[in-house]
Amino acid sequence: MHLNAKIGLEIHIQLNTKSKLFCTCSTNLAKPNSHVCEVCLGMPGSKPVLNKKAVDFSVMLALALNCKVPKISRFDRKTYFYPDLPKNYQITQYNFPIAQKGYLQILNKKIQIRRIQIEEDPGAITYPYHIDVSKYSLIDYNRSGFPLCEVVTEPDFSSSKEVKKFLKMFISMIKHLGIYSSNNSFRVDTNVSIGRNPRVEIKNIGSIKDVVSAIEYEIYRQKFVLESGKKITCRDKH
């Protein structure tokens, strides 16, 4: 079966700032729940103040990726209820992001950038033992409010080889710009579809090697499903 793959990426990088996105709490590693305040804990009446350095870094990345930076951008609330999000919403961007419509050229091919948005990281859920056997979980809110930059591509990739090349160039770029450190968080969501079939999303992948493996497995899995006479459903999510 000769069906072309379409692959898109959502890349989340933790910006290399000394303080969080909307408060002065440190982003350095520390004991659990020691770098928190009323703002990053989402307490009633607290007033967030935007970290200028996070905006500067995001604009630097936008220009490096040939994006258009509009005169006006806006933050939105993404509401969901989860223990690691004390406000019950995440401050992010969508309709009016910091930048959009850019590209990065790899292997004589332009990979289009749909948008770049600034958002805050939630806290971190940990388990005292393995997740399968722990009877309870713990939450460290130190990470809550860390500044993130999310880069969303168009589904312009057709192979894991192109994705690997893109991510290597991307990481090299953000390290050169000084907006990212290898000690910081790097997470990728990837969307994979075969032909005109629904796309499947694989979330929270933490390395280039694992991104490549996930894409190759998902392409193989979807082709196997289709060759078996079955359908790819939108409920497929990993």
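Val 133 counts as exposed because its relative accessibility is 57%; buried means under 20% relative accessible area, exposed over 50%, and partly exposed in between (1.4 Å probe, protein chains only). The model is predicted: local features need pLDDT of at least 70, side-chain atom pairs count only at pLDDT 80 or more, and totals for chains, interfaces and linings use all residues. Residues are numbered from 1 along each chain as its sequence is written, and side-chain values use heavy atoms, with hydrogens and water left out.

Val 133 lies in the loop between β6 (124–126) and β7 (138–140). Together with Tyr 129, Tyr 136 and Leu 138, Val 133 forms a nonpolar surface patch with about 460 Å² of accessible area. Nonpolar side chains (Val, Leu, Ile, Met, Phe, Trp, Tyr) are joined into a patch within 5 Å, from residues with over 30% relative accessible area and no salt bridge, the latter being a side-chain nitrogen of Lys or Arg within 4 Å of a carboxyl oxygen of Asp or Glu. Areas come from the Shrake-Rupley method with a 1.4 Å probe; for residues, only the protein chains shown count as cover.

## Cysteines

The structure holds 0 disulfides, a disulfide being a pair of cysteine sulfur atoms within 2.5 Å. The sulfur of Cys 67 has its closest cysteine sulfur in Cys 149, at 9.4 Å, which is too far for a bond. Cys 67 is buried at 8% relative accessible area, and Cys 149 is buried at 0%.

## Strands β2 and β3

Strands (E, at least two residues) are DSSP runs, numbered from the N terminus. Strand β2 (residues 76–79) runs antiparallel to β3 and is joined to it by 4 bridges; pairing requires at least two DSSP bridges. Lys 78 stands opposite Gln 90 in β3.

From β3 (residues 89–92), Tyr 89 and Ile 91 point one way, Gln 90 and Thr 92 the other, and all are buried.

Methods: Patch = residues over 30% accessible without salt bridge, like charges linked within 9 Å, V, L, I, M, F, W, Y side chains within 5 Å.
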